[in-house]
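I opened this model to look up a few local features. My entries follow in the order I made them.

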Amino acid sequence: TDNVSNQREHLILLLANIHIRKHPKTDEHSKLEDNALDEVMKKLFKNYKKWCKYHGRKSSLWLPTIQQEVQQRKLLYIGLYLLIWGEAANLRFLPECLCYIYHHMAFEMYGMLAGNVSAMTGEYVKPAYGGDKEAFLKKIVTPIYCTIAQEAERSKIEKGNHSQWRNYDDLNEFFWSADCFRLGWPMRADADFFCQPLKPVDERNEGTIKADKQKGKVNFVELRSFWHIFRSFDRMWSFFILALQIMIILAWSEGGSLGNIFDPLVFKEILSIFITSSILNLGKATLDIIFNWRARRTMEFMVKLRYVLKFILAAMWVVLLSVTYAYTWEKPTGIIRTIKNWFGNGPDQPSLFIIAVVVYLLPDMLAAVLFALPLLRRKLEGSDYKLMRLIMWWSQTRLFVGRGMHESAFSLFMYTMFWVALLLTKFVFSYYVEIKPLVEPTKDIMKFPINHFRWHEFFPRAKGNIGVVISLWAPVILVYFMDTQIWYTIFSTLVGGVYGAFQRLGEIRTLGMLRSRFDSIPLAVNDCLVPVETSDARRKKGLRSNFKNRFKEMTHEDKEKVAARFAQMWNEIVSSFREEDLIDNREKELLLVPYVADQGLRVTQWPPFLLASMVPIAVDMAKDSNGKDRDLKKRIENDYYFSCAIKECYASCKNIINDLVHGEQEKRVINTIFTEVEKCIAEDKVITDLNMQSLPDLYNKFVELVEFLKKNDEKDRVAVIKIFQDMLEVVTRDIMEDQLPSILESSHGGSYQRPEGMTAWDNEYQLFQPSGAIKFPLEVSTEAWKEKVNRLELLLTVKESAMDVPSNLEARRRLTFFTNSLFMDMPDAPKVRNTISFSALTPYYNEHVLFSIKDLEEENEDGVSTLFYLQKIYPDEWKNFQERIEEELKDNEELKEEALRQWASYRGQTLTRTVRGMMYYRKALVLEAFLDMAKHEDLMEGYKAAGSISDEEWKSLIAQCEALADMKFAYVVSCQQYGNDKRSALSNAQDILQLMRTYPSLRVAYIDVVEDRVGEKQIETAYYSTLVKVALNKDSESAGPVQNLDQVIYRIKLPGPAILGEGKPENQNHAIIFTRGEGLQTIDMNQDNYMEEALKMRNLLQEFLTEDGIRQPSILGVREHIFTGRLINNVVYN
């Protein structure tokens, strides 16, 4: 029943994900569309239909004629396949075996549903296996599983002798042959597939032992030999040997010119390469027989016949080409004369040799045509016509897999041109630098007579200089065969460099380049990671894009939308850096951009690390300007971020003052001052008309005001009023001295007359004193307000340059890699609901889950502990960690200890590190779902506010985002020994449970070994694939804390131990039935992931839907960063 429940959930999620992807506007009452069901059937039964066609059998997928029943029948077929797959255990390594089982069971199901009557019994069709409890497991899976297990045991005995036992591939290949149907249904227990040899075959006496009934290897037997160097690359070796022969003949000819190839005698000598080719083909055919000799008893007759015919034909061609070539010469010499003497000195007949060469080359010419026309080759390989199968049979054994695996014509053309250019360069270099310079010295050496040869021990009868010639040529020949790798390195570097330039692979390589191109990054993030709003919207990417100019040309409203989405993603990346202790609090503040867009500023707000120290510099430059604004203008024009810092600082100051000042008279004064300033700005007379000498005084006063605003304390109200009065005095008496009369007149409604002996300040100091004049302290200090004040403080107070932010090398590497990838051509990101669903699967045995305090503090023989070592190689991260826990945990020593274990584990090869990295996928999907679903007003509020606002609408939005993320992503860790560790109360089990507490959506699969009672007294060991999750249980009668335990979700019985010898693949296999979605990412336990890379997962998954050449890809590989480089010594140390 658990298998049924598991696959039911699997099928529902598959259909739901495909349905909403095809129908984005689906409502909750919509019905399942047939096209979603058809797509699932197409994917699930693609291999089965291919298998049926390969064997010339009709598939068992019969649909009823009544239209109303078609969808239900399709669901039954899909459900049957998933149930077979879910309980198949190790048979999942035999995909064609599953096709065989499904073929018969689907036919039985069709007969039962159609009410067919058996011709043998006259009764209604019934399943061949049925009626008993666990019938499928015991009667179908277990017999085949036992065969696999027996072969695995034999592999341990026959180590190194691969011909005497069958692995998964060998057993699966049995179902590539029509002989598999001899198994029958029900399967015959005495079939050769199930038989095992009575005793191991002795290779020395194997000819005297009668062959047993066991079905051995069918198509391939691994034989370890150094001759594989030639056999595996025979075409390359043959090509190089023939090319070497041609170059030696040309170099040996008179003058050694390449034009000598048109000389009839030289050309006739060059034709001898066909004899050399036939000899090499004979060697290849011989090696084929030698390497497959051990499989001769189990090999199909047609395969044996092919090897024998190839050998006979290769030997015939050696003789035929040698004889016909001998008759092309009138007065042959050497071995050619000997051959001609054997067959008689008849007249010259060069036409016979030409005809023989043409016939000899026919297979190669056909292969060249098929190579140039991949579409034709794919059709021929997949054809079932006997003539076509005969033609393809001669080139290679007909296999079920690997047919039609060719690229498009354009890809083959580019591939061919690459190698043509490479080989032409190699041969030209080899001819003029290696071969030709040796010919003349060789001729001279051969002419030089030898009367007394001293090396008689090695060459006792030598009468020539052949030994010297060999010594001279051997190094050159060796270099000739090896330098292809050198030329490949050169060409791949050149071609890769050009291709990388067009793909913009090195757009951002350093932190300095990141700073200079940062104004392009918001639009790059928007174009790459934000879904296109309309279906016809096309975005330019790669070399065609120009993000910098496009962003500057956008309207302010469009900039706001782009900046809002960018802020949420960028800040999540920065926050993940802080959580990982790659940066400290100060660097985090300098890297963040405002979560909540301040629409009143109407300026682009860049991260403070780009604007740091620019406002203090501008104040100093203005003070020293002496009424001349040339230097300041030049700096503003040349430095985009400098102008942005000044504009934002002014706009923020104005915004904060307007928010604080509420008195009518005070507002008039403030508005008059800002009006005059903006008038000067518009007329470009700020430096000339205003006295900048006192600007530092105003700057210092405002810094004090910002500090009081951060505290927001009632006790500071008098001080804040005094600061406002002081700032007004500085502005009216010093900075705006010439504009003072008009300002005062405006502030008093035009009726103010200064009494004799009374200064302006004596009357004005009463401004801001009334209780309602200034709104301080703020009653409700929102996150947006705090963020605005903190950001303004950074702009005003950070006087040192932030060129080295972030200072951590790993943070720099990750930022530059992420931003650089945004400039590359990648598929558009779909909305989360339209994304392909996927799972991640990690196999785990008994490695470290979480370092214990004992592990960290235990010293080696040199007195160095692991913790001490980590502190020394990660000094900055250790300092950041200490700052973080002091701020977050303070005096909680227990939590500090747990945080220390996590900090160390995140820097080692632990399961905790991998789980944290993979769970970034879910975090990224939740964020991206929020950006997809949030309204414009919600987006302006910011993603961070969603976690703090208690509004029901916000809670509903976040709940929808999390549900959608769980629908699209699942993470399963296959902890093989978790059950045993739990029963033994080992620390690993507790640490795994802690991981499930930390990440509630994490699922753990393990192999549970229990003792089941069979009958009254008999006990047998049973094995189960078990899936668990964390369970939060709380006793209603107790006020104690929530107790966290694991809860079994599914338990699926296995036919026996899941691990038979393959280790990690079998550990993954038992847990794969618990994964969900259309894609699966397999991640080893020592790998990591990052938040910024998880944001690009939607783009990566779109590659599966992109036509790449002639087909959509089914496997994607991504580059892996080896994070253990700095830990090599630690690994050795541990």
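For these notes, a helix is a DSSP run of H or I with at least four residues, numbered from the N terminus. The model is a predicted one.

**Surface charge.** I looked for a patch of negative charge on the surface and found Glu857, Asp891, Glu893, Glu894 and Glu897 gathered in one. Helix α39, residues 893-905, gives the largest share of this patch, 3 residues. Asp891 sits in the loop between α38 (875-888) and α39. I noted Asp891 as exposed because its relative accessible area is 71%, and the cut-off for exposed is over 50%.

**Backbone.** Most peptide bonds are trans, and most residues other than glycine have a negative phi, so I searched for exceptions to both. Trp185 and Pro186 are joined by a cis peptide bond with omega about 5°. I placed Pro186 in the loop between α7 (168-173) and α8 (228-231). Val805 and Pro806 are also joined by a cis peptide bond, with omega about -5°. Pro806 belongs to the loop between α34 (783-797) and α35 (809-821).

For positive phi, I noted Asp581, near 65°, and Ala985, near 55°. Asp581 is in the loop between α22 (556-579) and α23 (585-591), and Ala985 is in the loop between α44 (978-983) and α45 (987-998).

**Salt bridges.** My search of the whole structure gave 47 salt bridges. I looked up Arg814 and Glu580, whose side chains meet at 2.6 Å, N to O. Arg814 is in helix α35 and Glu580 in the loop between α22 and α23, so this pair ties together parts 234 residues apart in sequence. Both Arg814 and Glu580 are buried.

Next I took Arg922 and Asp966, which form a salt bridge at 2.7 Å, N to O. Arg922 lies in helix α41 (residues 920-933) and Asp966 in helix α43 (residues 952-968), so the pair ties together parts 44 residues apart in sequence. Asp966 counts as partly exposed because its relative accessibility is 36%.

I then checked Asp1008 and Arg1051, where the closest N and O atoms of the salt bridge are 2.7 Å apart. Asp1008 is in strand β3 (residues 1002-1014) and Arg1051 in strand β5 (residues 1043-1054), 43 residues apart. Asp1008 is buried at 6% relative accessibility, whereas Arg1051 is partly exposed at 28%.

My last entry is a network of salt bridges that links Arg21, Lys22, Glu39, Lys43 and Glu1078.

Methods
Residues are numbered from 1 along each chain as its sequence is written. This is a predicted model: local features need pLDDT of at least 70, side-chain atom pairs count only at pLDDT 80 or more; totals for chains, interfaces and linings use all residues. Side-chain values use heavy atoms; hydrogens and water are left out. Patches are made of residues with over 30% relative accessible area and no salt bridge: like charges are joined within 9 Å, nonpolar side chains (Val, Leu, Ile, Met, Phe, Trp, Tyr) within 5 Å. Accessible areas come from the Shrake-Rupley method with a 1.4 Å probe; for residues, only the protein chains shown count as cover. A salt bridge is a side-chain nitrogen of Lys or Arg within 4 Å of a carboxyl oxygen of Asp or Glu. Lys and Arg count as positive and Asp and Glu as negative; His and the chain ends are not counted. The place of a charge is taken as NZ of Lys, CZ of Arg, CG of Asp or CD of Glu. Helices (H or I, at least four residues) and strands (E, at least two) are DSSP runs, numbered from the N terminus. Buried means under 20% relative accessible area, exposed over 50%, partly exposed in between (1.4 Å probe, protein chains only).
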